[in-house]
Amino acid sequence: MPELDRDAARAWIERWDRQQEESLPDREDRFTALIDAVEEGTGRPDPLVLDVGCGPGSLAVRLLARLPRATVIGIDADPVSLTLGRLAYQDVPGLRFADLDLRLPGWSARLGLTTAADAAVSTTALHWLPEPDLRALYAELASVLRPGGLLLDGDHFALDAKESPTLARLDLALRRREDRRRFPGGHPESWHAWWEAAAADPPLAGYVAERRRRRVDAGHHDSESTQLATHVEALRAAGFAEVGTLWQRGDNRLLCGVLGTALTTTG
């Protein structure tokens with residue numbers, strides 16, 4: 001297999017970020033709000049943060065640029081993203097990646113934590129988990145966060161069409177209209193096109209094949225985990241005492257859960 005180097009990995013991540021920004025024009029604003037919440041909510045300059053579904057580390061490196069004394073553990077099962085992140089950010093202090101499948105119970109034990117985490121963060125990732133896996137994930141995160149620890153999830157959260165059909169329809173229509181206004185000529189590169197290009201690149205092709213073997217995207221489509229109510233209910237069931245939206249632009253939200261103080265946590 002041809003070898004990737006750090007420069008190539010960084011170029012692929014820059015291309016990934018451009019593609020994401022085309023689909024999520026408020027991505028950087030949401031990153032900023034999330035990092036503000038970590039800084040303010042943990043109340044310390046050196047928090048331990050779990051980046052759940054970290055991809056190539058786009059959020060993690062931004063968080064560490066703001067809080068250089070933090071420790072961020074990026075968790076993902078995608079060999080393409082992990083390989084790119086490890087190569088591109090190998091010299092970033094405080095960052096490490098963990099190759100773990102969040103759909104498998106007990107993944108958190110393999111992190112080797114010696115103290116409870118201050119926050120768990122995620123962006124545009126957890127909606128791909130089927131609802132039972134999402135509930136299990138939140139319960140497992142609750143077991144490794146300190147009392148009062150934060151779950152911060154930035155994503156597009158849809159309204160339940162059964163409960164609020166008119167609002168759900170308008171919510172989707174407004175997002176589509178804004179997308180057409182911003183990108184009247186269409187998007188230069190879609191999510192699918194980025195992955196097709198990665199599969200055609202010899203140094204990445206083997207990692208893309210391994211990604212397919214792991215079925216990283218299984219359950220991604222038509223999941224109830226795209227719905228806001230699903231996340232709110234799952235967080236409350238896991239023991240998060242407060243759940244609410246800290247930042248919002250249309251259906252693009254930063255959802256926050258604050259872990260209750262009655263749970264027993266690691267550390």
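Predicted model: local features only at pLDDT ≥ 70, side-chain atom pairs only at ≥ 80, totals over all residues.
Figure 1. Asp 26 lies in the loop between α1 and α2, whereas Arg 182 belongs to helix α6 (residues 165-182), 156 residues apart. Arg 182 counts as partly exposed, at 32% relative accessibility.

**Figure 2. Salt bridge between Glu 233 and Arg 135**. The closest N and O atoms are 3.7 Å apart. The pair links helix α9 (residues 228-237), which holds Glu 233, to helix α5 (residues 131-144), which holds Arg 135; the two residues are 98 apart in the chain. Glu 233 is partly exposed at 46%, and Arg 135 is partly exposed at 29% relative accessibility.

**Figure 3. Salt bridge between Arg 10 and Asp 91**. The closest N and O atoms of this pair are 3.7 Å apart. Arg 10 sits in helix α1 (residues 6-23) and Asp 91 in the loop between α4 (79-88) and β3 (95-99), 81 residues apart. Relative accessibility is 31% for Arg 10, which counts as partly exposed, and 46% for Asp 91, also partly exposed.

**Figure 4. The largest nonpolar core around Val 38**. This core has 40 residues; Val 38, Leu 63, Leu 84, Leu 95, Leu 152 and Trp 194 touch the most other members. Helix α2 (residues 27-42) gives the most to the core, with six residues. Beyond its neighbours within four places in sequence, Val 38 is in contact with residues including Gly 43, Pro 47, Leu 63 and Val 121.

Definitions and conventions. Residues numbered from 1 in each chain as written. Heavy atoms only, no water. Core = buried A, V, L, I, M, F, W, Y, C linked by side-chain atoms within 4.5 Å. Buried < 20%, exposed > 50% of the residue type's maximum accessible area, 1.4 Å probe, protein only. Helix = DSSP H or I, 4+ residues; strand = E, 2+ residues; numbered from the N terminus. Contact = heavy atoms within 4.5 Å. Salt bridge = Lys/Arg side-chain N within 4 Å of Asp/Glu carboxyl O.
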